[in-house]
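Biologist: Could you walk me through this model and the words you use for it?
Modeller: Gladly; let's bring it up.

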Amino acid sequence: MPYSPLRLLLDFDDQYQRDQRQSPDFLHRRDRQLALQAQQRDGSTPLPEDWLRTLGADRVGGGHDPRLRTWRRARVLFVLGGAVLGVLTMLGLLYYDGSQRINVTLLLGFAALQLALAILTTMQAGIGWRPWGRLLDRAGATPAALRDLQPPLAARVAHSGGLAFAIAALLTLLVQVVVRDLAFGWSTTLQTSAPAYHELTHALALPWRQWLPPAVPSLELVEQSRFFRISDQTPADPARLGAWWAFLAMVWLVYVVLPRLVFLALSRAQLRWRAKRLLARHPGMAALRQRFEQPWVDTGAGNATPAPELDQGKAADGVLPESGTVIHWAGAGLADDGLFSALAGGERAPLRLAAGGSASLEHDRAVLEQAGQRREPVLILAQGWEPPTGELADFLDDARQQWGEDTVIALVPLAADPGGALSDDTLAQWRRFVDRRQHAHLRLCRAPEVPS
Amino acid sequence: MTPAPRFAVVGHPNKGKSSIVATLSQNDAVAIALEPGTTRDSERYPLSVDGHLLYELIDTPGFQRPRRVLAWLQAHSHSASDRPDTVRAFVNQHRDDPRFHDECELLTPILDGAGIIYVVDGSVPYHQEHEAEMEILRWTGQPSLALINRIGGDDHGEQWQTALGQYFRIVRDFNAVTAPFEAHLSLLRSFGQLAPQWETALEQAVEHLREQRRHRQKRAWALIADALSDMLGHAESARLGEDASRSALEVRLRQSWQDWQRKREQRLRREVEQLYQHHHLQRQEQHLEWEPGHDLFSERERRAWGVSRAYLATAGFGAGALGGAGVDALTAGHTLGAGALIGGVLGAAGSLYYSSKLDRLNLGPLSSGGREARFGPLRDPQFGYVVLGRALQHWYQITDRNHAGRDPLTLDNADSHWLDNLSRSQRHALQKALQQSTRHQDEKRRQALREAVAQAGEAFLQWRRK
């Protein structure tokens, strides 16, 4: 089913509003995929209506569009009101009690007023003036984004009412002509002559005088039907006074009914044109085209497994045991003799060993054997700024196995700067490392302060 | 068809592997500084364009027992030609051994054909213990590249360059937290140099990423313009009862107006952050502030992002003249430029008037027979400049921020003015767009504001890059 521009715009705006709640990534992925599918199918970029249909967001179907309900109701009211008013107005204009003739000038003036109103309505819609805009905004007649549509929508309503008015009035005129004997005449306060008035009527009858001569008043009729308020002259031939009706009916048809009909068609065309223009300028349209054309780059943003929450570790700061056995793990503190002097205590001569790092596994085993022979607590210095790895864990496990469960091992992570202190976060990973070892006699100790 | 290149990012634990992956995959959810020694699997971060995979980064756990692995390899190898097979044999042998879980995880993608990105921390001294890791990687026979990341403040880059040069053909410096976007692209290009068949895919990826960045920039400016339009045109209204206090209602409306403005600004912040895929960002920012009891911005905001009265007068004149020139054009020049002159004078006067009458922001005009009170839109021309300046500052910091960054984003005010980088005509257009947004909210004016904000964004970029 073809999409009308107005419905297309409304559907598009609705979808745009819904899309505001979606993430830009999702929208890009969705629309780019649709564009690629359309390209593969027929080598073209999807049209907005295709896009809406694919999303299932098109509301085209039977029945009326609920979003235009207010306007539809207004139109019905205007048509009904216009028709009733048209009948009443024409009855009023043709009011004839036999004492006075029905003034053609008044009827012509009223037709001119109707024409002027119709033109003004069209002009107002053309320039987009919204004198009643605030009222409509409050009534929620159109979505805020589509306020530019209000002038042509209002013009359509007004012209529909105007057309109903004009047709009802014309029919009333014809009925009155049939059922009553109306006497028309013309009268004006202005200084004018019958020939001049005839020229006016002749000019007005221009559109039909060639093909409908009976609807063109003759000079004779004009002369005979003039009347003055203070006069009781009766015409030579009273039957001729009714001859004006055909002219008046044609005036009404050509200058009231037809313009309304044309302007109504124009307002419909304007509505379609403006809806198309609004759609083309809709903020969502540029964004949609961009999403169609812009390749969807996926950097795997949703792939990450979140980091587990880490605690600060349970291992408390241990007391440095008095011992002369010091192992430098991966070269930690090896160049710091002052630190070694401050650490090494006990009765026996200090034993300084190195393991880990670039040393071989055989060397590590030899170190374990050598340290184990002393049967005293062992201090293991490590690079505190480096994370404790599996190799250190293996070394500690091997040590426990070789030295026995009761041997105290003091693990001393050092700061990168001699004499510096590790941050709490850095120390926390060492605490957790000690927790994971589950070694009763493994202590985490801070390095002693070394006097410079 | 050539399979898409894959790169395993490997190294010692906590040397910034995940930071590199986070930055290159634009993913701030990548877990950085995971606990070494706890079980951890590799994570894959593909870059695909329209569903077509261009490359894949694999974040791996760090080496835990490289000396043991190397010892096993040496014990089971007979000649250099069987080394890759020996590495594969090691993985097959130890796949279920929890002690070598991390090694198996990191070696598996390499054995499956992934290139090696070996990451070290250039801020700590080189140590020989890394040699076992590098030796194992050499045994795999896969193309490799070394990256010197810098986590701390010290610089031992030269030492690392020399050492890494012995094991890797390409050694690059890359700070995952501070490297600018062009450096990301350059790094990706260097990945393509590892094997000729990978070069095309990486070049395509670079082009797409660059295009994506341009697209995001335009989108961010449009978001800023839309927020600005909303904020400039916003009004709070309420019914004023017969016996209600006018001043109490004014206080209430002012408060809800200010709250609304703050919320709208925060929404903009989140939209821009999501656009750049910063989903876990912590932000430290001073909210929009008004002097207590007044409708003025705080002096700090005004000084940082507002404009002087002289600026307002000239920009207001220019903006008014732009409108007046339309009248001159309509009369085919018969007004001899009077339209532009009158428009300019009115524009300047209007800008200055509202600027100096900030405290006029009281109860708005009453309508509906005096029963509805409105507060806003704010006519102070400074408001638009302050909101725009703050938004551009936030956007710039987001564009400049890598996804490896975990420090809170601090939005400080600057000490010079970005508007200096706008041409005179651009200033006039901006002033006009800001003025009109307070009065009209139709699509045409929104579009004009978007264009003015895009120009402002360009100027802001130039200003920050000075």
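Modeller: In chain A, the end C-alpha atoms of residues 76–96 lie 32 Å apart, and the span is 86% helix and 0% strand. Helices (H or I, at least four residues) and strands (E, at least two) are DSSP runs, numbered from the N terminus. This is a predicted model: local features need pLDDT of at least 70, side-chain atom pairs pLDDT 80 or more, while totals for chains, interfaces and linings use all residues. Residues are numbered from 1 along each chain as written, chains are lettered from A and ligands numbered from 1 in written order, and side-chain values use heavy atoms, without hydrogens and water.

Biologist: What makes the contact between them?
Modeller: Arg83(B), Pro84(B), Thr86(B) and Val87(B) of H3(B) meet Glu135(B), Trp139(B) and Thr140(B) of H5(B); contact means heavy atoms within 4.5 Å.

Biologist: How do you know that helix H1 of chain B is largely enclosed?
Modeller: Buried means under 20% relative accessible area (1.4 Å probe, protein chains only). In H1(B) (residues 17–24), 8 of the 8 residues are buried, so the rest of the structure largely encloses this helix. The buried residues pack against several elements of chain B, including strand S1 (6–11) and helix H7 (181–192).

Definitions and conventions:
Buried < 20%, exposed > 50% of the residue type's maximum accessible area, 1.4 Å probe, protein only.
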